[in-house]
Structure formats: structure tokens, C-alpha cells
Amino acid sequence: MKTILRIFLACALFCAAGVRAQQTPPSGAALIAVSKESMTLAVYDFNSWLLAVYPVACGRALGNKEKPGDMKTPEGLFSVQQIQDARAWTHDFGDGKGEIRGAYGSHFIRLKTPGHRGIGIHGTHDPASIGTRATEGCIRLNNGDLLELVKKYVYVGMPVVILTSEADSAVPCRLPAAAKTGPRPTVQPK
């Protein structure tokens, strides 16, 4: 697992080098790494130094996100697409309590997750959920941690890697067989 993390971090930092000149905050933050194993969000700089770690909540269901509504957090290498003001946003969790104001905290850090919509990093109205599998697929932080993340570290284009956990890895992939094996190489005739 540590080898995989190092490879992901190296790839993400390499990708981040192109973004570095665009909007790097004074903190020198280069990468966000979310671990579904330890339920943490870590911020690294361009030298792979750890700048901050926050506890998180992630998707209720185990496994990698496959389709809308599956309650899974996607895994892989993504990027920050937008940082939105979410103070006035509401959400109905379908628990009979209706629309909850402040469900997302102060900000919604929208991730560019090809094949999936509406995935982001945001705050919560339920601090007790942090450290658990509680979300519909997003990464949830305590509101104070979210505010610090937005003010000090995050920027549009920032790479975000979401790493699987041992329990997530044990969930069988339900993708078609062709998607699991990937493209087949063809030999050019001589």
C-alpha cells in the first residue's frame, strides 16, 4: 500500500508541476491525498512535505464509485475544478428531516471526476459523522478544517488523489469484463 501511495504522490506531484505557476498559494501546497483507509485528508507541498492532516468522512458504501447514487467515493487521481461558496446551500438527506441548511459548510470544493458529477470536498452539519462512512460519495470535513483548507491550501487545478482502503479493495468490480481488462493491443501487419 505504501508503494502505491508513493507512486500516486509522485505522479500527482509531477502533474502538479504544470499547475504550480498558475495559482499556488503562499503555503506551497501541491497535492491533496485522501485516504479511505485512515479516513484522513492530507495536504503535501512540492517537496512531498506534509503540511496538514484532517479527519474526514467518505462514502457510505464500500468500493470505487461506479454510478450515480451508489453512495461510493471515487478513487484515483482528480483535480479541483471549482471552489464554491456553499453557505446558503441546503440538502435533503432523505431521513425525514427535510432540507438542512448548512449541510455543506462554508465551501464546496468541486472535483473534476470524469464519469461522475457532484463529487466534492465540503463541510458538514453533523460533526459526529467525521471518521465514519456517512456520505453520499463526497469527502466531508469538520467546518473549521474546511475553512482552513480553503484559506491556506486549496486552489483550482490542484491535484487530488483518493486512495482506496483494504475494505474497499475487497469489493468486486461490477464493470463489464472489457473495462476490467482494458484495450487489447493489436499488431501492425508487416
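Are Y104 and F108 buried or exposed? In this predicted model, both residues are buried. For F108, the relative accessibility is 3%, and that value counts as buried because the limit is under 20% relative accessible area.

Searching the whole structure gives three aromatic pairs. One of them joins W89 and F108: the ring centres are 5.5 Å apart and the planes stand at 40°, so this pair is classed as tilted. W89 sits in the loop between β4 (76–85) and β5 (90–92), whereas F108 belongs to strand β7 (residues 107–112); the pair therefore ties together parts that are 19 residues apart in sequence.

Taken together, ring pairs link W89, Y104 and F108 into a cluster.

Finally, the cysteines. How many disulfides does a search of the whole structure find? The search returns zero. Among the cysteines, C58 is buried, with a relative accessible area of 1%, and C138 is likewise buried, at 10%. A disulfide would require a pair of cysteine sulfur atoms within 2.5 Å, and no such pair turns up anywhere in the structure.

Thank you for your attention.

Note on methods: Residues are numbered from 1 along each chain as its sequence is written. This is a predicted model: local features need pLDDT of at least 70, side-chain atom pairs count only at pLDDT 80 or more; totals for chains, interfaces and linings use all residues. Side-chain values use heavy atoms; hydrogens and water are left out. Buried means under 20% relative accessible area, exposed over 50%, partly exposed in between (1.4 Å probe, protein chains only). Rings of Phe, Tyr and Trp (its six-membered ring) pair if their centres lie within 6.5 Å; planes under 30 degrees apart count as stacked, over 60 as edge-to-face and the rest as tilted. Helices (H or I, at least four residues) and strands (E, at least two) are DSSP runs, numbered from the N terminus.
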